[in-house]
Amino acid sequence: GDEGSGMAAARGRGPAASMCALAATCAVEVGANSWCFMWPIRGQIHFLSRASTWGKLYHFNSSSMDVWLVSIARNAFFVASLAIISCRILDSRAVVVPIPRLIPKCFVTFAIFSYCFLVVKAIGVLYGIAKKHSLEPESAWLIASIFVNSLSIYFTCKFALQILGQWRKQWASSLALRSPLLYEEYRAEEEEMEQRKWKSRSSTRVLWSFAKPDSWLLAVAFVCGCIAAAATVLISYCIGKAVRFASDEETRSEMEAYILQLLFAIITCAVFTAIRGGLFTYVGARLNCRIRRRLFESLLGMEQGYFDKTKTGELSSRLNNDTTTMSNQISLNVNVFVRSVVQIVFVIVVMLLTSWKLTCVTFAMVPFTILVAQVYGRFYRKITKRTQDRLADAGGIADEALSSMSTVKSMAAERVSKAD
């Protein structure tokens, strides 16, 4: 009992500094957001007593109510999660890992969503200022609230992850004393995960080193993709406005104005989409050539024993198919990713400006969509790797059979080759 209590006390003293820093950051953030929200509406603060009257205080372009609520929810989630984990880790009898691996991912995901929300909010504020041609006090307080949140999100997530890491190390040390076999299994899993992360990061760095000579082309393609995505969103917005004003003869001039804007958006979208697609295709082709050249040079430097063990068809498949798959990460995946991210940002802005309530209802499906995307992504990566391996094997067998067709015919091995 004394040993267990002493171990628990040692575990509690470790991350004390990070916990104090996290508590201070959360307190400052919530206090600053509360002040930025409540001070401009101090004469109408009685409307907060009922949720049904909150709509009288809220406007997306000028009110910081949503920033305040999101700040409270995020800090409450961080603090509650750490409190629950603290209760588990202080129990000296716990043998299982007291920190689920999903918790750090949830912290990072929550932080990323918070930053995306702040970006959308900032765009809405700038739109409201440009529309009114003046900076009102509520907008100024909202800008201050966005600035405070952008800093506090980083430090809150940083301190929370530090606490989790320190707790995990302390738990591992206690596990090594209580159950050496479980500790060895835990270390093996940790080393395997670190190797996977290192390989993933190393592959990304290598791919970027191949694409770096065309970085300026990628930058131009990125800018063109942003403009094309914004024009795509504007097309839908102009169509909706034109149809709305077309039903009334008195608003015919507004309809004609939106039709002209629609034509401009269509032309802009077509031009910049073509430039973006052409640049990404061109960069992908150059990247494919560099990867193939480097792989071919590496193969030429191999010893003869490597070629005795590896089939020629497999090497040809790696040289043709795998290099193309790698280059598609830039020319196809990055292209689609940039377009999708920019479209999502502009669509969210338009949705919030149209109806923030319907936007909140739409966001209810986001967590489910992310969960499905993660499951599908893992499955797709496994299938892709197996497919590339099978293609390499099939290419090796086909090349071996075709290069020695006289031997296959003389030995009547057609059926064996087909079965392989």
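Rings of Phe, Tyr and Trp (its six-membered ring) pair if their centres lie within 6.5 Å; planes under 30 degrees apart count as stacked, over 60 as edge-to-face and the rest as tilted. A search of the whole structure finds nine aromatic pairs. The structure also holds four salt bridges and one cavity of 30 Å³ or more.

This is a predicted model: local features need pLDDT of at least 70, side-chain atom pairs count only at pLDDT 80 or more, and totals for chains, interfaces and linings use all residues. Residues are numbered from 1 along each chain as its sequence is written, and side-chain values use heavy atoms, with hydrogens and water left out.

**Aromatic pairs**

- Trp35 and Trp39 are stacked, at 5.0 Å centre to centre and 10° between the planes.
- Trp35 is partly exposed, with a relative accessible area of 47%; buried means under 20% relative accessible area, exposed over 50%, and partly exposed in between (1.4 Å probe, protein chains only).
- Trp39 is also partly exposed, at 35%.
- Phe77 and Phe110 form a tilted pair, 5.4 Å centre to centre with 50° between the planes.
- Phe77 lies in helix 3 (residues 65–89) and Phe110 in helix 4 (residues 102–132), so their pair ties together parts that are 33 residues apart in sequence.
- Helices (H or I, at least four residues) are DSSP runs, as are strands (E, at least two), and they are numbered from the N terminus.
- Phe77 is partly exposed at 29% relative accessibility, and Phe110 is partly exposed at 26%.
- Phe77, Phe78, Phe107 and Phe110 are linked into a cluster by ring pairs.

**Salt bridges**

- Lys121 and Asp66 meet through their side chains in a salt bridge of 2.8 Å, N to O; the term covers a side-chain nitrogen of Lys or Arg within 4 Å of a carboxyl oxygen of Asp or Glu.
- That pair links distant parts of the chain, with Lys121 in helix 4 and Asp66 in helix 3, 55 residues apart.
- Lys121 and Asp66 are both buried.
- Asp214 forms a salt bridge with Arg286, and their closest N and O atoms are 3.0 Å apart.
- Asp214 sits in the loop between helix 6 (180–211) and helix 7 (215–246), whereas Arg286 is in helix 8 (residues 252–300), 72 residues apart.
- Asp214 is buried, with a relative accessible area of 2%, while Arg286 is partly exposed at 32%.
- Arg290 also meets Asp214 in a salt bridge, at 2.9 Å, N to O.
- Arg290 belongs to helix 8, and 76 residues separate it from Asp214 in the loop between helix 6 and helix 7.
- Arg290 and Asp214 are buried.
- Asp214, Arg286 and Arg290 are linked in a network of salt bridges.

- The largest cavity holds about 40 Å³ of space.
- On a 1 Å grid over the protein atoms alone, a cavity is a set of points where a 1.4 Å probe fits but cannot get out, and a pocket is an open set with protein on both sides within 12 Å along at least five of seven lines; lining residues have an atom within 4 Å of a point.
- Grid points are joined across faces, edges and corners, and a volume is the space filled by probe spheres set on the points.
- Asn61, Ser62, Gly128, Ile129, Lys132, Ser134, Glu136 and Ser139 line the largest cavity.
- Helix 4 gives the most to this lining, with three residues.
- The lining has one nonpolar, five polar and two charged residues; Ala, Val, Leu, Ile, Met, Phe, Trp, Tyr, Cys and Pro count as nonpolar, Asp, Glu, Lys and Arg as charged, and the others, Gly among them, as polar.
- Ser139 is in helix 5 (residues 137–178) and is buried, with a relative accessible area of 5%.
- Beyond its neighbours within four places in sequence, Ser139 is in contact (heavy atoms within 4.5 Å) with Asn61, Ser62, Val125 and Ile129.

**Second largest pocket**

- The second largest pocket has a volume of about 590 Å³.
- It is lined by 22 residues, and the closest to its centre are Tyr127, Tyr237, Val349, Val350 and Leu353.
- Helix 4, helix 7 and helix 10 (312–354) are the elements that give two or more residues to the lining of this pocket.
- Helix 10 provides the largest share, six residues.
- By class, the pocket lining has 14 nonpolar, five polar and three charged residues.
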